[in-house]
Amino acid sequence: MQSFASVLDVSSGLLLRGLALTVAISIAAVLAGSVIGTVIGPILTYGGRLSALPFRVFVDVVRGTPVLVLILASYYMPAGLGISPGPIEAGVVALSIFCASHVGETLRGALVAIPPTQIDAGRSIGLTFPRMLWYVLLPQALRQIAPNFVNTAVEIVKASSLLSAIGVGELLLTTQEIVGRTFMTMEFYALAGALYLAVNLTIGAGGWWLERRFSAR
Amino acid sequence: MQPILAIKGLTKSFGPNVILRDVDFEVFPADVVAIIGSSGSGKTTLLRCIDLLEEFEAGEIRLDGEQLGYRSSGGRRVRLPGRQLAMQRAKIAMVFQSYNLFPHLTALGNVMIGLTRVQHKPKAEARAIAEAWLERVGLAERRDHHPSALSGGQQQRVAIARALAMEPRLLLLDEVTSALDPELVQEVLLTIRRLAEAGTTMLIVTHEMRFARQVSTRTVFMDQGGILEEGPPEVIFGSPKTARLAEFLANVSH
């Protein structure tokens, strides 16, 4: 019978690689999703009914779809178009889409909540609309959604575990492999859970620090 | 002398409600025009039309001879595209009842944003101009504070500095003391009085009758979307010609 310590000693490299992949995929998805969401939010808010429509449909469809379905769709559906993405690429695309729709929708909510008198003031000074968006509206709205944004990032990290279903060797799949070899179910799932928790607590602490830094208003 | 602002036949409605009917009006350099009248008489809407914050159905507004907000194309009125509206708005400044400072920027940032993002001045120059204006409204030492850390009167003085730093041809003041605590009103009125004495051309919508009488070179009385009487303040306040103005003055004097 092997001891937990000796198994951990042998498999810690594997586990750390899984953790690193989880973190890397999550960061990529959050970055791409935030950039795309920051474009979608203003279009949903100020785009007018016609130009906002495709984005409205996109956001509602994505938000109404289970993340696992998004992941499977990103992995298997492009084959119909003759593209065959690797599991990591497909996974990052799926999580980015998920993140983009959430950021886009919360950003829309925050933009709508800015008093119209702010737009009056910006116009009165002579700001063009793009400049007003960039220097007046987005800074206020992004600050407003910062707490929500931490939640979205945490959701992404948790959702990245679903990528194990398409064979991405992230933290969960690595854990499953180790458990399959050693049958130390309790120990390694608990360890995986603790590692996810550590990542998410780090995100929470980072968010708290950012909020404190920018809370001067 | 050419007027800075010339308004002809300005008409504006919200749905079935006519807010401004056929307003004719001119403002000359260094004029300080006080606009008085009861709520709903169209005073604020008049200012908002001049600052191109509202569209209007008929009539024209000219600033130094240039038509604002619209151009004629084949006999039809067409609203100008956003970029041109922005360029025209930059020549007119407005101060609002509720200050409308940008909450994410400091006092200095609020005054600088138009200089850097509209007039494209270098940062150092913009900063020097903004600091000078904050100094003039007596807020030099509060420049690094955000609006939430300033009193209402201080916020309104930052808003005045933000407006004037753009060196506008015309300053529009929309009930700028109405949202202030009574003890903060005087500091803002004093600031405006100094600007008037320095020759700033302005249109002041106000409920402060004594102030209107003292500071204005011309007073306009608006009623039901039109200009009912206009003239020197001592005439408007001293010997009103219409019963409506006499009634209004009697109501506000106590």
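Leaving aside neighbours within four places in sequence, B:Y99 is in contact with B:Q155, B:Q156 and B:A159, where contact means that C-beta atoms, placed from the backbone, lie within 7 Å. This is a predicted model, in which local features need pLDDT of at least 70, side-chain atom pairs count only at pLDDT 80 or more, and totals for chains, interfaces and linings use all residues. Residues are numbered from 1 along each chain as its sequence is written, while chains are lettered from A and ligands numbered from 1 in the order in which they are written.

B:Y99 lies in the loop between β8 and α3 of chain B; helices (H or I, at least four residues) and strands (E, at least two) are DSSP runs numbered from the N terminus. B:Y99 is buried, because 24 other C-beta atoms lie within 10 Å, and buried requires 20 or more (exposed is 12 or fewer, partly exposed in between).

Chain B also has an open sheet of six strands with mixed pairing, in the order β8-β9-β10-β3-β11-β12; strands pair if DSSP finds at least two bridges between them. At the edges stand β8 and β12 of chain B, each with a single partner strand, so one side of each lacks a neighbour in the sheet. Within chain B, β3 and β10 pair in the parallel sense over four bridges, and B:A34 stands opposite B:I204 in β10(B).

The contact between the chains takes 23 residues from chain B and 19 residues from chain A. These elements of chain B each supply at least two residues of the side that touches chain A:

| Element | Residues |
|---|---|
| α2(B) | 82-89 |
| β8(B) | 92-95 |
| α3(B) | 107-117 |

The largest share, five residues, comes from α2(B).

Conventions. Contact = placed C-beta atoms within 7 Å.
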